[in-house]
Structure formats: C-alpha cells, structure tokens
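Thanks for coming. I have one model to go through today, and I will take it part by part.

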Amino acid sequence: MGQARNICLVGHSGCGKTTLAAALMAKAGSKDIEFDTSQEEKDRGHTIDLAVGTFKVKDTSITLIDTPGGDEFIEDIYKGSPIADLTLLVVNAEKAVEVVTERAWDISGAAKRPTAVLVNQMDRENAKFDVALNAIRESIEGKFVPLQVPIREGGDFVGVVDLLENKAVYFADKSKKDIPADLAEFAEEARGILIEEVSSFDDELMMKFLEDEPISSQELATTLALGLAAGELVPVLCSSATEGKGLDVLVHTITEAVKPLPGDASGTPRAVAFNLANDPYLGRLAYVRVVDGTLQEGKGLVDVATGSKIDVRDMYAFEGTKQHRVPQAEAGMIVALGKAEDVVLGATLAADANAEVFEMPEFPKPIYSRVILPKSQADVEKMSEAIRDISQTKGTVIVERDPVTKEMIMQAMGDIHLNTYIERLKNRYNVNLETKTPTIPYKETIRKQATARYRHKKQSGGRGQFGECELRLDPFDEGYEFKDEIKGASIPGQYIPGVEKGVVEAMEEGNLAKYPVTNVSVAVFDGKYHPVDSSELAFKMAARHAFRDAFDKANPCLLEPVMHVDVRVPEEFTGDIISDLNGRRGRILGMDPEGKVTVVRAEAPLSELQSYALDLKSRTQGRATFQMEFTKYQPVPGNVQEKVIAQAQQQEEE
Ligand SMILES: Nc1nc2c(ncn2[C@@H]2O[C@H](COP(=O)(O)OP(=O)(O)OP(=O)(O)O)[C@@H](O)[C@H]2O)c(=O)[nH]1
Ligand SMILES: [Mg+2]
C-alpha cells in the first residue's frame with residue numbers, strides 16, 4: 001500500500017470538473033468511469049451528487065471527489081473540501097471568475113485549506129490565461145502563483161512553460177525546449193512572481209532572493225509544497241480536460257507537492273463520515289475518510305458525539321468510480337461503509353469513544369420553502385421513507401411539518417435545488433408530489449385589557465350543566481400565562497383546570513382568521529357554580545366563550561413572522577438591494593463592508609420573502625447570497641391585515 005491523496009474538485013457549473021475527473025482516470029487506465037449516473041444528472045447534464053473515484057499513479061492512489069458546480073448545490077463543497085488534501089478550484093479559461101468560483105474559494109481557500117487553481121478549457125478559442133489570472137487576483141484575495149504559462153500556436157493549446165524548470169514543454173512529443181520568444185517576457189514576469197511569493201515563505205530563500213543568488217527549482221518546489229500545505233500559496237495550473245492536456249503536470253503536482261492532512265497512521269482508528277448517499281443497489285452508504293489508524297470490516301466504531309455504536313459491515317474502496325469490497329482501509333483513504341443507516345452526516349467515527357471530533361463546517365441554512373403535497377394515497381404511504389432518505393443525506397434539504405399551519409414543508413437552497421429532489425422522489429421512489437407556496441403561520445393577539453363573563457347553562461332532563469366564569473385578558477410578552485384569582489369560593493378549586501382547558505382550546509383558533517392566539521395573560525377572577533349541575537366540562541364551555549368575547553373587546557390583531565436577513569452583496573448592487581428590501585416592508589439594521597462585498601442586515605416579514613431566493617438571484621445574476629432566520633412575531637399593519645383576513649375567509653369558504 002503506497003500513499004493516498006484526496007483531491008476535491010470544485011468550481012462553477014460547466015468549468016469541466018466531471019470531464020477532468022473522467023479524463024484523469026481514463027489516462028491512468030481506470031476501466032470503470034461513470035460519473036453523473038442518476039436520472040436527474042442525465043436529464044440536466046450537470047452533477048447533482050458528490051461522487052468519488054480512485055485511480056493509481058505509480059504507488060500513489062489518488063481519490064477525486066467531484067462536486068456539483070450549481071450555486072444551489074454548494075453543500076458538497078462543505079462536505080468534500082475539509083477532508084481533502086487539496087481542493088482544486090477549476091475555472092473556465094474564457095469565463096474565469098464566476099459565482100461559484102468565489103463561493104468555493106470562500107469555503108476552502110479563505111479557510112486556509114490547501115487549494116490550487118486549474119485554468120481549464122485552455123483549448124477554447126477565447127481562452128486567455130493572463131486575463132483569467134488577473135480576474136482571479138482582482139476578485140479573490142490569495143497568493144496565486146502560476147506554475148505554468150500555456151503555449152498556444154495558431155489557436156491550439158500545444159504546451160506549457162514550466163515555470164519551476166523554466167522550460168517549454170510540448171504535449172505532442174513531451175519534448176522540452178526553450179521558451180518561445182513571444183512568451184519570454186510574460187513567462188519571465190510570471191516566474192519572478194513565483195520566486196518572490198515562494199521565497200516569502202522561507203527565510204533562507206528570501207535571503208537568496210534579496211541577494212540575487214540563484215534559487216534551484218528543487219528549492220522552489222520544496223518550499224512551494226510547504227506554502228501549499230499551510231494554505232498560504234495557491235499554485236495555478238492550466239489544462240484542457242477534453243483534449244487531455246496538462247494532466248501529467250497536474251498529477252505530478254498532486255503526487256509531489258500535496259501533503260496528506262495530518263493524521264496518525266498507526267493510531268486508534270478514526271474516520272469522518274463526510275458524505276451519505278442512497279445507492280440504488282447498495283442502499284445507504286457512508287463515505288468516510290480515514291483520519292487515523294486502520295478501519296477493519298467487522299470491527300465496530302462509535303459516533304464520538306453521541307456515543308452510538310456503528311457496525312462496520314461492508315466496506316468498499318473505489319476502482320475508478322466502481323465500488324469493490326475491501327477488508328480494511330488505512331489512514332488517508334476514502335471508503336464507503338455499507339448498511340450505514342445509523343451514521344449521521346458529518347459524524348466522527350472512532351474505535352475510542354473519547355477520540356477527538358474531526359470538525360466539519362456547518363452547512364448554510366436552506367432559504368427557499370415549498371409545501372409538498374402527495375398526489376394520491378399511495379404517494380402518502382411511500383413518501384416518508386423517500387423523504388427520510390433525502391433529508392438524512394443532504395445537509396441543505398430539510399423537511400418538516402410546520403407546527404402552526406400543519407403543512408409539510410420542504411426547504412432547500414432555491415427552486416432548482418428543490419425541484420431536483422421532487423424529481424428524484426418521482427424517479428427513484430415513484431412518489432408523486434405537488435408543491436405550493438407555504439401558508440404564512442400568522443398568529444393572533446390582543447393589544448389592550450378586556451374582561452368578559454359567560455354562563456354556560458343547559459337543562460335537558462336529568463342532570464344539567466352549569467358553569468359561569470369571568471375572565472380578564474391582558475397583553476403579555478411571553479406567550480401565554482393563566483392565573484387563578486378566585487377569592488372566596490365563587491368557583492371551587494376542582495373546576496379551575498376546566499376553566500384553563502377552555503381557554504387553551506379557545507386560543508387554538510383566534511376570532512380574526514382562526515390563527516392561534518399568543519401573547520395573552522388570562523386571569524379567572526370571578527364566577528358561579530351549582531352544587532349539583534357544575535362539572536369541569538361545563539366550566540370549560542363557559543371559559544371558551546368568555547375568552548372569545550373578551551378577545552373581541554381587547555383590540556385584537558394579527559401577528560406575522562419576521563425574519564432576520566443577512567444579504568452579502570457586491571458593492572455595485574447594494575443600493576438596489578436596500579431599496580428592494582424597503583419595498584418588502586423591510587427595516588435595514590445596518591451595513592458592514594467585508595472586502596469587496598457589503599453585508600446588509602435587515603428584518604422583513606416572511607410573507608414578503610417567500611420568493612426572495614429567486615428574486616435576489618435574478619437581480620444580481622446570482623452574485624449575492626443571503627441567510628435568513630426567524631427572529632420574532634410582530635403586528636401586521638392594518639391594510640395588510642384586512643387582506644390576510646379576507647384571504648383566510650375565502651379559503652375557509654372553498
Ligand atoms: N473545449 C473544452 N470543453 C470542455 C473542457 N472541459 C469540459 N468541457 C465541456 O464543458 C461542458 C461541461 O463539462 P462538465 O465536466 O460537465 O462540467 P462540470 O464542471 O462538471 O459542471 P457541473 O457538473 O454542472 O458543475 C461539457 O460539455 C464538457 O465537454 C475543456 O477543457 N475544453
Ligand atoms: Mg459535473
């Protein structure tokens with residue numbers, strides 16, 4: 001067993017990650033190379049699920065983690081990048097910096113994890129390496145050091161200048177030649193940057209650099225590897241995945257310059273479950289990266305956060321993208337554990353329950369919600385398993401029943417993301433779902449004190465019913481409280497629970513539009529009873545009516561959920577975003593500049609934000625991102641309240 005290196009491919013959709021992964025494996029002689037295998041991936045021509053494939057170069061086993069580049073599918077960057085020895089940020093040479101380029105950098109490079117950039121599609125007519133490199137430097141903060149300069153002849157991508165060796169290398173015959181004259185100046189400048197940046201990472205080299213002493217390519221390579229491991233230096237390479245060019249140097253850089261993440265190969269077994277998948281044939285798989293020691297089939301592990309036992313039954317390594325059973329997996333390897341229903345996404349699994357947790361970053365919170373409705377009874381029955389499969393394996397898909405509206409809500413990162421899973425439920429589980437905009441979980445409350453008295457009395461042969469109570473309602477900040485203020489014995493103590501039950505029942509549906517009532521303090525302070533006819537039930541009925549009557553007199557109003565929103569927006573859009581938020585009844589709380597973006601902090605009602613994920617995207621070409629979180633309920637303005645009540649009445653009639 002030689003060494004293992006794990007490379008996570010990230011970058012904007014269409015930059016060529018999947019093509020590159022397949023090309024690297026094919027070149028290394030892998031036979032089974034199947035990416036983008038799910039129906040939804042085939043339909044869309046884009047990657048949707050993180051995928052893993054392993055190939056061998058000499059004694060190094062290289063595992064590639066291919067991630068989707070869609071901006072709503074970024075959770076896989078959060079899964080793959082932290083456990084990889086290198087995150088390879090792929091860019092399209094014609095387009096350079098795109099939305100997900102920046103976002104992937106923020107997740108990986110800005111966190112000082114080892115990251116390299118690959119300028120792919122260098123064969124394209126308008127591919128310009130220098131322009132792409134400048135664009136990267138302008139929009140992303142990092143020490144980018146080109147290791148190569150592409151050589152193009154008559155529009156063809158024919159070779160590269162290897163800046164470490166200071167030689168031109170041609171793809172056709174692998175020959176090394178002198179640098180072509182028209183590139184000499186640019187190459188020299190690029191090599192100057194390379195030497196300066198790399199030297200800055202080592203005092204001895206820096207001295208040599210300042211004193212103009214020669215620096216060998218070996219010295220440069222060694223120090224570059226240190227800078228890369230520290231996440232300080234970001235090598236830049238170039239390639240054409242479709243023409244298979246630049247792949248040798250990429251592989252060479254991976255095997256020579258990339259160091260494995262720290263780990264103790266002979267220590268107690270410890271691994272991190274960075275990804276979960278529902279394989280159509282193998283069922284639930286947990287993809288783990290072994291951090292320390294050796295995992296063995298048949299030897300149990302413990303989820304160190306929860307203490308739950310995890311059986312390691314079937315263990316699979318990858319040959320190309322195909323799984324094959326292995327009895328053990330050493331530190332540095334990525335393997336999949338079969339029958340992994342008990343493994344939680346992101347869990348650290350170890351032989352020792354006191355092992356250190358391998359920290360995984362938190363996923364962003366989903367920002368787009370739809371109600372999901374099964375189309376038929378058969379769909380209802382199959383739905384729960386299907387939904388469990390998806391929500392347990394995806395960090396940014398949440399399915400929950402809203403406690404107020406009782407609707408089943410699916411939350412995701414946007415409409416494309418959400419609809420992809422609706423399609424998957426249909427394709428893979430044969431569950432047909434419709435979606436609609438969620439009902440806003442309004443609530444009702446009161447704004448002033450009021451009292452009401454009600455007598456519940458029934459005489460229908462036999463024993464009658466009698467209960468009478470007087471309630472006082474007061475506005476209250478903390479939800480609900482009930483006070484027994486009966487003096488003397490106008491209502492005997494045994495009937496008070498009946499009164500409270502009546503109040504609680506009445507609060508389930510307010511008088512305005514049948515939304516739950518909140519923020520009231522209710523006191524029962526007087527009443528009357530009958531020695532024979534009174535009962536808990538009679539008092540419950542009386543209290544229910546008394547509450548409703550008092551509620552009407554207490555200046556009731558609707559409350560609506562208000563969200564806190566943080567919008568990260570490039571400067572040029574800030575004004576537009578703020579006026580748009582104002583138009584959504586938003587309140588701007590502040591603005592914090594963060595480098596080239598501004599974070600606008602605001603509060604706005606949920607009802608105005610239901611399509612914000614889509615609107616913000618189209619307003620800013622996807623360049624702004626936002627997070628939102630419930631913060632509080634607040635009164636609905638009068639004119640809006642009338643509309644909401646009218647709508648609720650209309651729905652009731654339907
Ligand atoms: N000319 C050229 N086309 C390329 C190159 N690499 C990829 N492509 C093409 O670009 C398109 C997208 O490639 P993919 O590999 O699917 O891109 P991806 O980065 O995996 O995209 P997502 O899965 O959506 O994130 C395909 O049509 C590829 O054939 C390249 O080096 N040169
Ligand atoms: Mg892809």
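**The ligand shell first**

Helix α1 (residues 17-27) gives the largest share of the shell around ligand 1, namely three residues. Helices here are DSSP runs of H or I with at least four residues, strands are runs of E with at least two, and both are numbered from the N terminus. Before going further: this is a predicted model, in which local features need pLDDT of at least 70, side-chain atom pairs count only at pLDDT 80 or more, and totals for chains, interfaces and linings use all residues. Residues are numbered from 1 along each chain as its sequence is written, and chains are lettered from A and ligands numbered from 1 in the order in which they are written.

Back to ligand 1. The shell around ligand 1 holds 20 residues, and the closest are Gly16, Thr18, Thr19, Thr47 and Gly69. A residue is near a molecule if its C-beta atom, placed from the backbone, lies within 6 Å of it. By class, that shell has 14 polar, three charged and three nonpolar residues. The classes are: Ala, Val, Leu, Ile, Met, Phe, Trp, Tyr, Cys and Pro nonpolar; Asp, Glu, Lys and Arg charged; the others, Gly among them, polar.

Now the whole chain. The protein chain contains 16 helices and 34 strands, and its C-alpha trace spans about 110 × 60 × 50 Å along the principal axes. Of its 654 residues, 45% are buried. Buried means 20 or more other C-beta atoms within 10 Å of the residue's own, exposed means 12 or fewer, and partly exposed is in between, with C-beta atoms placed from the backbone. Among contacts between residues at least 6 apart in sequence, 74% join residues at least 24 apart. A contact is two C-beta atoms, placed from the backbone, within 7 Å.

How is the chain divided? The assignment gives domain 1 (3-257), domain 2 (270-308 + 315-350), domain 3 (368-436), domain 4 (444-555) and domain 5 (560-640). Those bounds come from an automatic or database domain assignment. The centres of domain 3 and domain 5, taken over C-alpha atoms, are 26 Å apart.

Next, some individual helices. Aspartate 76 lies in helix α3 (residues 75-80). Is aspartate 76 buried or exposed? Aspartate 76 is buried because 26 C-beta neighbours lie inside 10 Å. Leaving out residues up to four places away in sequence, aspartate 76 touches Leu50, Thr67 and Pro68.

Helix α8 (residues 217-229) has 13 residues and reaches 18 Å from first C-alpha to last, close to the 18 Å expected at 1.5 Å a residue. The expected span is 1.5 Å times one less than the number of residues. Buried in α8 are Leu220, Thr223, Leu224, Ala225, Gly227 and Leu228. Their cover includes α6 (181-199), α7 (203-210), β11 (233-238) and α9 (247-257). After α8 comes glycine 231, with a positive phi near 75°.

Helix α10 (residues 377-393) has 17 residues and reaches 26 Å, close to the 24 Å expected. Where does α10 bend? The bend is about 40°, at methionine 383, taken as the angle between axes fitted to the seven residues ending there and the seven starting there. Methionine 383 is also one of the buried residues of α10, along with Asp379, Ala386, Ile387, Asp389 and Ile390. The buried residues of α10 pack against β12 (270-279), β22 (368-374), β23 (398-401), α11 (415-429) and β25 (433-436).

Helix α12 (residues 496-508) has 13 residues and reaches 19 Å, close to the 18 Å expected. Its buried residues are Gly498, Val499, Gly502, Val503, Ala506 and Met507. On spacing, an α-helix has 3.6 residues a turn, so residues three or four places apart point the same way. The buried residues of α12 pack against β28 (465-475), β29 (480-484), β30 (520-528) and α13 (536-553).

Lysine 514 sits in the loop between α12 and β30, and its phi is positive, near 65°. Asparagine 519 is found in the loop between α12 and β30, with a positive phi of about 55°. Lysine 514 counts as partly exposed because it has 15 other C-beta atoms within 10 Å. Asparagine 519 is partly exposed, with 19 C-beta neighbours inside 10 Å.

Last, threonine 574, in helix α14 (residues 574-583). Threonine 574 has 18 C-beta neighbours inside 10 Å and so counts as partly exposed.
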